[in-house]
Amino acid sequence: MNNSATSFVSAVALALAVALGSGVPARAELNVDITQGFVEPLPVAITDFYAETLEESKTGKDLAGVISADLERSGLFRPIDHGAFIQDAASLRKGPRFSDWRLINAQALIQGSVEMQPDGRLRVNFRLWDVFAEQQMTGLAYFTTPSNWRRVAHIVADVIYKRLTGEDGYFDTRLVYVAESGPQNRRVKRLGIMDQDGENHRFLTAGNELVLTPRFSPTTQEITYLSYIGEIPRVYLFNLNTGQQEVLGDFPGMTFAPRFSPDGNKVIMSLADDGNSEIFTMDLRTRGVKRLTSHPAIDTSPSYSPDGRRIAFNSDRGGSQQLYVMDSDGGNVRRISFNQGRYATPVWSPRGDLVAFTRMSNGEFYIGVMRPDGSGERMLTKGFLVEGPTWAPNGRVLSYFRQTPADSRGRVTSKVYTIDLTGFNERELATPIDASDPAWSPLIP
Amino acid sequence: MGKGVLLSGALHVAAILVLVIGLPSFVSVPEVAPPIPVELVELDEQAPKPSPKPKPKPEPEKQPEPEPEPQQAEVPPAPKPEPIAPEPEPEPEQVVLPPEPEPEPPKPEAEPEKEKELAEAPPKPRTKPQLKIPVPDQPQEPEKKDRLTSILRNVEKLKEQQAARPAEEPEPSGAQVRPQASPLEQRELVRIVTQHMSRCWRIEPGARDAQSLVVGIKVLMNRDGSVRAVKITDTSRMAADAFYRSAAENARRAILSCQPFPLPIKRYEVWQEMRFTFNPSEMFGG
């Protein structure tokens with residue numbers, strides 16, 4: 001009794017002493033630096049959009065299908081097979097059972113509904129849920145004519161893409177390209193246009209004359225392209241909405257169609273002046289032409305930065321054909337490419353952080369990117385002939401074309417591809433016939 | 001005898017005091033503080049906080065979808081492509097949906113939680129192990145190797161890139177804890193967490209300035225290794241920067257999807273509070 005009492009006393013005394021002596025202990029906190037992760041598409045569950053009638057249900061399924069295909073194609077998302085879904089569409093209307101979606105490792109859940117309105121319009125609702133945080137990330141409704149459902153699907157996919165990545169989407173866009181057919185020496189080239197996913201394909205010109213290098217305006221649904229009248233290259237301005245087309249001018253010695261300035265009010269191009277190619281701008285309203293370079297070397301392929309303050313172009317002024325950047329008034333010229341081989345067709349990303357280009361080295365073509373100061377150069381893809389990079393409006397994805405060498409019968413094939421700027425997720429963009437020179441539209445206004 | 005009673009009484013008071021105030025720090029029994037509710041995860045069952053902001057944001061969408069197929073045959077040589085009339089389809093209007101079927105749960109990051117409150121949460125294990133989610137979809141091996149070693153691809157240097165950087169074990173690069181655990185022990189705990197998290201943290205290398213999106217997240221843990229609360233620390237940047245927001249939400253998802261953490265329960269007091277810093281710059285090659 002006495003013994004245990006004593007030990008108790010000493011234990012308590014010690015405890016008290018330590019407690020008082022050290023004061024209130026600081027709260028521990030474990031600091032953890034996470035520096036290693038992995039790159040893999042985000043698993044998302046995209047449920048068929050719910051509807052009451054059979055017809056609407058079909059639209060609901062189609063909507064989910066297009067959204068799913070858009071997200072999958074981006075390479076950033078992996079739509080989960082519907083067969084794995086646990087919660088059914090009907091009960092989902094009352095709200096997600098998050099644990100069901102976590103079980104199949106869906107990180108995000110997309111649900112929606114389709115309903116025909118009394119006025120004949122279609123109402124499309126959708127919600128995006130963060131399954132692990134158990135939060136709605138966004139929810140929107142759209143009204144449209146039923147035949148316009150596909151576009152609504154792209155718009156919804158853009159909203160989801162933006163909410164999950166922080167980046168603007170690019171699904172509600174189109175590409176114009178040069179559709180090619182016939183033998184090499186009598187190639188028929190006409191303009192084709194299609195949605196970014198290859199749907200709604202159609203031809204814009206008949207193929208009576210050669211068309212080359214279409215370029216999209218970054219602000220309007222307008223393109224420029226080059227065509228030949230006899231031997232003389234002529235530049236056209238083509239409004240896709242109205243179908244109206246006008247001649248910008250005949251430009252001897254021109255090889256690429258002009259590119260638009262970021263505000264869409266000017267075009268920039270290279271013209272042969274006294275037999276030497278220099279860079280000019282043309283105001284689209286006044287048609288006033290201004291010369292920017294004056295150098296005995298060949299300067300071509302100008303492309304504006306998205307802020308309009310700088311211009312990338314290529315020049316052989318250093319001996320071989322390399323990339324240069326200058327201020328928009330033609331001053332402060334500096335070379336940015338220094339690797340071996342020749343560089344061509346620089347295209348400034350709409351995001352501003354990169355310049356895409358074509359490079360030819362050791363008998364191979366590359367599509368690459370570098371920062372506007374020349375650092376961070378990476379080759380994204382290569383081939384016998386890869387050319388004509390064009391950016392999706394969010395600056396995340398590039399399109400270009402790839403040609404095979406002639407086969408035994410002299411036939412070549414040419415196809416349009418897309419690739420993510422990380423260099424992964426290269427995909428063919430299927431076209432009805434051979435295709436080259438893609439030009440990506442801005443988001444459709 | 002009277003002395004004995006007095007002593008006994010004093011000791012009892014002392015014992016109670018100890019119980020109330022807490023044991024000395026080296027034993028580190030969790031403080032007994034009034035339970036302060038900390039929200040998190042299973043908020044869907046809680047009282048709905050209807051925040052309906054029916055902002056009808058009619059966005060006049062132009063519908064420039066050209067309609068008639070141009071007849072290529074009819075196009076005359078002087079290039080006059082068939083006009084592509086704009087489709088008369090009305091533009092889809094956009095309306096912001098109020099979170100209606102399931103009122104949007106209050107967002108943790110919007111919560112005016114104080115760090116103190118987070119810190120004082122009772123460390124009692126949750127009875128509902130509702131968050132023990134199996135994570136069936138561990139990263140798969142095959143073509144991923146490539147991606148881990150070079151998250152930004154360079155076809156010209158592919159072989160060199162692969163050779164240069166063998167898939168390395170995630171190295172815990174930061175490990176500081178205040179008192180309690182020995183540096184060695186802290187490092188071991190951090191190693192467990194970083195290794196565990198490397199299978200859960202999905203990064204998006206193509207985002208603009210992805211390498212500089214460093215996200216801090218404070219986490220409160222339950223004894224069973226599940227997550228009691230997560231809080232993204234930089235709430236102002238969350239609101240202002242869409243890239244940061246998605247990176248932060250992504251990091252939060254990584255933590256939530258990675259639970260339970262395989263941490264030793266006897267060292268719970270060391271890891272019951274963690275401060276995560278997600279920094280992808282190393283993966284870009286520093």
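Modeller: Start with the term itself: a residue counts as buried when its relative accessible area is under 20%. Keep in mind that this is a predicted model.

Colleague: Which residues of α2(A) are buried?

Modeller: The buried residues of α2(A) include A:Glu56, A:Thr59, A:Gly60, A:Leu63, A:Ala64, A:Ile67 and A:Leu71. An α-helix has 3.6 residues a turn, so residues three or four places apart point the same way.

Colleague: What do the buried residues of α2(A) pack against?

Modeller: Their partners in chain A are the strands β2 (42-46), β3 (77-79), β4 (108-116) and β5 (122-130), together with helix α5 (149-165).

Colleague: How far apart are the end C-alpha atoms of helix α2 of chain A?

Modeller: They are 28 Å apart, which agrees with the 28 Å that its 20 residues (54-73) should span at 1.5 Å a residue. After α2(A) comes A:Gly75, with a positive phi near 85 degrees.

Colleague: Now a loop residue. Is A:Ser305 buried or exposed?

Modeller: A:Ser305 has 2% relative accessibility, so it counts as buried. A:Ser305 is located in the loop between β18 (299-304) and β19 (310-315) of chain A. Its side chain makes a polar contact of 2.5 Å with that of A:Asp307. Beyond neighbours within four places in sequence, A:Ser305 touches A:Pro262, A:Arg310 and A:Trp348.

Colleague: How many helices and strands are there in chain B?

Modeller: Chain B has 8 helices and 4 strands, in the order α-β-α-α-α-α-β-β-α-α-α-β from the N terminus. Of its 286 residues, 43% count as buried.

How values were computed: Residues numbered from 1 in each chain as written. Chains lettered and ligands numbered in written order. Predicted model: local features only at pLDDT ≥ 70, side-chain atom pairs only at ≥ 80, totals over all residues. Heavy atoms only, no water. Helix = DSSP H or I, 4+ residues; strand = E, 2+ residues; numbered from the N terminus. Buried < 20%, exposed > 50% of the residue type's maximum accessible area, 1.4 Å probe, protein only. Expected span 1.5 Å × (residues − 1). Contact = heavy atoms within 4.5 Å. Polar contact = N/O pair within 3.5 Å; in protein donor to acceptor, adjacent residues only side chain to side chain.
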